[in-house]
Amino acid sequence: MAPPTYTVSDVMTRRVVAVPPDASFKEIVTAMERWKVTALPVLQNEDTVIGVVSEADLLHKEEYRDRLPGLVDTMRHPRAAEQAVALTARDLMSRPAVTISGRATLAEAARLMAHRRLKRLPVLDASGRIEGIVSRADLLKVFLRPDETLAAEIRSEVVSPLFGHEGHDVRVAVDKGVVTLAGAVSDKRLIAVAERLAHSVEGVTGVHCTLTAAS
């Protein structure tokens, strides 16, 4: 028993802005500026992700604007030195691309982004083809869910299944994403379960549980 879990496919952007491997440096910068993105997947055969080119990959050219990478630069930072003189997406991109399945949960996507310090991830379908892009902003969309919607879901997916007919005596209130559970139930052991399940509802920012029990 658990509330419905949102997946990456529920929040991702399906319109994919990407570049081919032979896209020039200027074409990449132009695409980023036009679409207001900080990274672009590089696609082979229009739907296979072979890498990602980001602003960080491009900035090395400006870093070495006044001089070409020397031997010391090449030894210390070989990839940066390569990117400083690269002219196409094929040579600029980071590979292999860090991707995620559309079936992954939002928590899994958030952990991957945090661990790899990424702002967005290409989303792949079951066949390994790109089907969207998920960004940090996309993962935050669930926190825009109305309080009324959250309250209704907690009542139907948490309170009613957990407490049965006693659920009518449980008060559920949500204010700015913070849930308050109040009332009396017969089984003390279920109070912690109710609090945990309410907190797992997508869009909830906190839970204040004041449920009491006779046993």
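This is a predicted model: local features need pLDDT of at least 70, side-chain atom pairs count only at pLDDT 80 or more; totals for chains, interfaces and linings use all residues.
1. Three strands form an open sheet in the order β6-β7-β8, and their pairing is mixed. The edges are taken by β6 and β8; each has a single partner strand, so one side of each is left without a neighbour in the sheet. On average, neighbouring strands are turned by 10 degrees against each other, direction ignored.

2. It is worth looking at one strand pair in detail. β7 and β8 run in the parallel sense and are joined over eight bridges.

3. α9 lies across β6, β7 and β8, and it runs at about 150 degrees to β6. α10 also packs on the sheet, where it touches β7 and β8, and its direction makes about 160 degrees with that of β8.

4. These elements come together again in the largest nonpolar core, which has 21 residues; Ile154, Phe163 and Leu181 have the most contacts inside it. Two or more residues each come from α9 (147-163), β6 (171-175), β7 (178-185), α10 (189-199) and β8 (206-213). The largest share, seven residues, is supplied by α9. In soluble globular proteins, nonpolar side chains tend to be buried together.

5. Leaving out residues up to four places away in sequence, Ile154 touches Val159, Val172, Val179, Leu181, Ala198, Val201 and Val204. Apart from this core lies another, of 16 residues, with Val17, Ala31, Met32 and Ala89 among them.

6. Now to helix α3 (residues 55-63), whose buried residues are Asp57, Leu58, His60 and Lys61. They cover an arc of only 135 degrees around the axis, and therefore sit on the same side of α3. Their packing partners are α2 (25-35), β2 (48-54), α5 (78-85) and α6 (89-92).

7. A polar atom of the Lys61 side chain lies 3.0 Å from the backbone oxygen of Ala86. Not counting residues up to four places away in sequence, Lys61 touches Phe25, Gln83, Ala84, Val85, Ala86 and Leu87.

How values were computed: Residues are numbered from 1 along each chain as its sequence is written. Side-chain values use heavy atoms; hydrogens and water are left out. A nonpolar core is a set of buried Ala, Val, Leu, Ile, Met, Phe, Trp, Tyr and Cys residues joined through side-chain atoms within 4.5 Å. Buried means under 20% relative accessible area, exposed over 50%, partly exposed in between (1.4 Å probe, protein chains only). Helices (H or I, at least four residues) and strands (E, at least two) are DSSP runs, numbered from the N terminus. Contact means heavy atoms within 4.5 Å. The arc is that of the directions from the helix axis to the C-beta atoms. Two strands pair if DSSP finds at least two bridges between them. Axes are lines fitted to C-alpha atoms, for helices over the stretch in contact, and angles run from 0 to 180 degrees between N-to-C directions. A polar contact is a pair of N or O atoms within 3.5 Å; within protein, one must be able to donate a hydrogen and the other to accept it, and residues adjacent in sequence count only if both atoms are side-chain atoms.
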